[in-house]
Amino acid sequence: MATVLGLSFDYHDAAAALVRDGRIVAAVAEERLTRRKHDARLPELAAAYCLKEAGISAESLDAAIFYEKPLVKFERILTSAMASAPASLAPFVRAMPNWMVEKLWAGDRIRKLVGPKPALLYSEHHLSHAASAFLASPFDRAAILTLDGVGEWETATMGIGEGSAIRLEQSVRFPHSLGLLYSTLTAYLGFRVNDDEWKVMGLAPYGKPVYADRLRQLIRVDPDGGFRLDLDYFDHAGAARRGFTPKLEALLGFPPRTYESEIEDRHRDLARSIQRVTEEAVVALARAAHTRYGTDALCIAGGVGLNSVANWKILEQTPIRRLFVQPACGDDGAALGAALLASHVLYGDPRREPMAHAYWGPGTSDADAARALAARGARFEVLDEAALTARTARAIADNQVVGWVQGRMEFGPRALGARSILANPQNPRMKEILNEKIKFRESFRPFAPSVLREAASTYFEMPPDTDSPFMLLVPPVRPAWRDRLPGITHADGSGRVQTVERAPNPRYHDLIAEVGRLSGIPIVVNTSFNVRGEPIVGTPDEALNCFLRTGMDVLVVGNCFLTKPQPLAMPEAPVGAVR
Amino acid sequence: MTEIHPSARDESIYSAAVKSAWDAILKAGTFLGRIQAAVLLTLAFVLVLWPLGLLVRLQDPLRRRRDLPGWIPRPPATPDLKRFGHPF
């Protein structure tokens, strides 16, 4: 029996996760505690939280495991620089100081964090991703796909998981990368790499795939699912900061969009086209995994796994019937994967239970919530369970926008009913209201539905036994309901659905059921509790600040119910952990 | 509660004036350090990496040859602590 702390940092989305005796105890991204989006620094606060949640000190750890091998990554950076010289001079000079001063010394920094006693281990980037998917899944045997931008050298792997064993049998190596292909087109479309890929996916349904044929020239997908990029169009190791060469511009026939400039039809069409080409590649990979391993169960992790539209295509177009996508697909989830790998594979702890929910972050009890709100001088009511459900559901049915903070925070980028903003999906103006008054984000971005699991197949074209607890599938909304659910139906008639079961979050389940009783449809709009450019809120204080700054009507924290106006102003300095 | 990095939370015992002067020295030092690093790294690149790169390219580490398959077989991972004990 072992207690293991998994850590990921130094690229983006630093995180810590603690696994004890084969069970997940805690997992949180550093950004949620420092309030700095995509914080990549050593996750001191996240590690401290994980230890606190486990009620142990660092000395009690058996091991701390880093999610990748930093020297192998460094070798890739040097080799790429040499192979691309002299064009790689500028990126080399930019990158090296950080490597020399910090990244090469990841182990020493972890040692300082946990002290001399725990064993210090290093996983491999894609092995960590694979473990985060398979060892957290409900499957005893499943094919595994990991797909991201790049780890040490690898950008994709395929393998098989059986029991507690993981065998990754083949990989695609840098610079041939499906993640980098998507990111490069994200940059071409004037969005930020490693942050705005969502926007490309959200923009895609507004366009036509008119550039798909041209984009297919960028990637060759083999019948066995292997793929390679045509490197004439890419410059991942060279001087081009946005990762593409002039040849790509010549191929597409229009210049790259500049950041925050107007989005035109050609940009929508390009978004649709790259989404289409990515889906084709992901489907080919899933099909190849099925053929190679003869199982209809598939586990996916790595940043590309957050492409929930592509995930749905796997279920729609391949023999894969059981799909588990790690909710923290990115590098944050790799911290969890590394910890699970050490626990199950290296220390031999048995697999106990699948990851049925994502509520592994810092929590807020009802009493904590009341104390925190009272300390800020907020005016609120403390309600019993029935009144809390009834009042909140009534507010949603009456088209009010509700901030909802309950229990432990989600691990991963999606808000799943613990730190969510909720609204009425039947209101045709709700998207506008949320985008303009609360989220302050682009109007084309869709909002996702949370639906009772037992009712999901009534409203969405998904088989009754299909789960989507982590909001990582985008099935079509049934045509008969699209007009009645304008708040969550995207331009192409789809919805990024979260199916909600009662056990992991009974209060959220009861709320949606009550909304169903009042409005006739047990669905709410569920979007993350934050505003553009900020991490999702964690504490009642942060929730209150966000509530006061935006057009939200109601705030529910634990069993405390607040409405506006409030006799409060924003504090001069942001409340929350700062370092 | 586990205390991590107590040294990082030390409070300054110096006066505000000394602190400002120290901050200015640090800022200037950082600036000079950046210039120095850029010069040294450029020299290292031009004198070492670039020439070595000519040899490295012969091995095609970025797999530019178009006839190569996408997948590369991956060596089996042995689940022992030794393999996971080093950063390479």
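**Figure 1. Pairing of strands β1 and β2 in chain A of the predicted model.** Strand β1 (residues 3-8) of chain A runs antiparallel to β2(A), and 6 bridges join the two strands. Within this pair, Gly6(A) lies opposite Ala17(A) of β2(A). The hairpin that β1(A) and β2(A) make has 6 residues between the strands, and Asp10(A) adopts a positive phi near 80 degrees there. Strand β2 (residues 15-20) of chain A is largely enclosed by the rest of the structure, because 5 of its 6 residues are buried.

**Figure 2. The hairpin of β2(A) and β3(A).** On pairing with strand β3 (residues 23-29) of chain A, β2(A) again takes part in an antiparallel arrangement, here over 6 bridges. Arg20(A) is placed opposite Arg23(A) of β3(A). There are 2 residues between the strands of this hairpin, and Asp21(A) in the turn shows a positive phi of about 50 degrees.

**Figure 3. The open sheet of 6 strands with a strand from chain B.** The strand order is β12(A)-β11(A)-β6(A)-β7(A)-β8(A)-β1(B), and the pairing is mixed. At the edges are β12 (322-325) of chain A and β1 (72-73) of chain B, each of which pairs on one side only. Within the sheet, strand β7 (residues 154-162) of chain A and strand β8 (residues 165-173) of chain A run antiparallel and are joined by 8 bridges. Thr157(A) has Ser171(A) in β8(A) as its bridge partner.

**Figure 4. Strand β13 of chain A and its pairing with β16(A).** Of the 6 residues in strand β13 (residues 359-364) of chain A, 5 are buried, and the strand is mostly covered. Strand β16 (residues 407-410) of chain A pairs with β13(A) in the antiparallel sense over 3 bridges. Tyr359(A) stands opposite Glu410(A) of β16(A).

**Figure 5. Packing of helix α4 of chain A with helix α1 of chain B.** The axes of helix α4 (residues 89-101) of chain A and helix α1 (residues 16-58) of chain B are 10 Å apart and form an angle of about 125 degrees. The helix α4(A) is therefore oblique to α1(B). The crossing of α4(A) past α1(B) is right-handed. From α4(A), the residues Leu89(A), Phe92(A), Val93(A), Met96(A) and Pro97(A) meet Ala38(B), Leu41(B), Thr42(B), Phe45(B) and Leu49(B) of α1(B). The contact of α4(A) with α1(B) comprises 9 nonpolar residues, 1 polar residue and no charged residues.

Methods:
Residues are numbered from 1 along each chain as its sequence is written. Chains are lettered from A and ligands numbered from 1 in the order in which they are written. This is a predicted model: local features need pLDDT of at least 70, side-chain atom pairs count only at pLDDT 80 or more; totals for chains, interfaces and linings use all residues. Side-chain values use heavy atoms; hydrogens and water are left out. Axes are lines fitted to C-alpha atoms, for helices over the stretch in contact, and angles run from 0 to 180 degrees between N-to-C directions. Helices (H or I, at least four residues) and strands (E, at least two) are DSSP runs, numbered from the N terminus. Angles under 35 degrees count as roughly parallel, over 145 as roughly antiparallel, 65 to 115 as roughly perpendicular and the rest as oblique. A crossing is left-handed if the near helix is turned anticlockwise from the far one by less than a right angle, and right-handed if clockwise. Contact means heavy atoms within 4.5 Å. Ala, Val, Leu, Ile, Met, Phe, Trp, Tyr, Cys and Pro count as nonpolar, Asp, Glu, Lys and Arg as charged, and the others, Gly among them, as polar. Buried means under 20% relative accessible area, exposed over 50%, partly exposed in between (1.4 Å probe, protein chains only). Two strands pair if DSSP finds at least two bridges between them.
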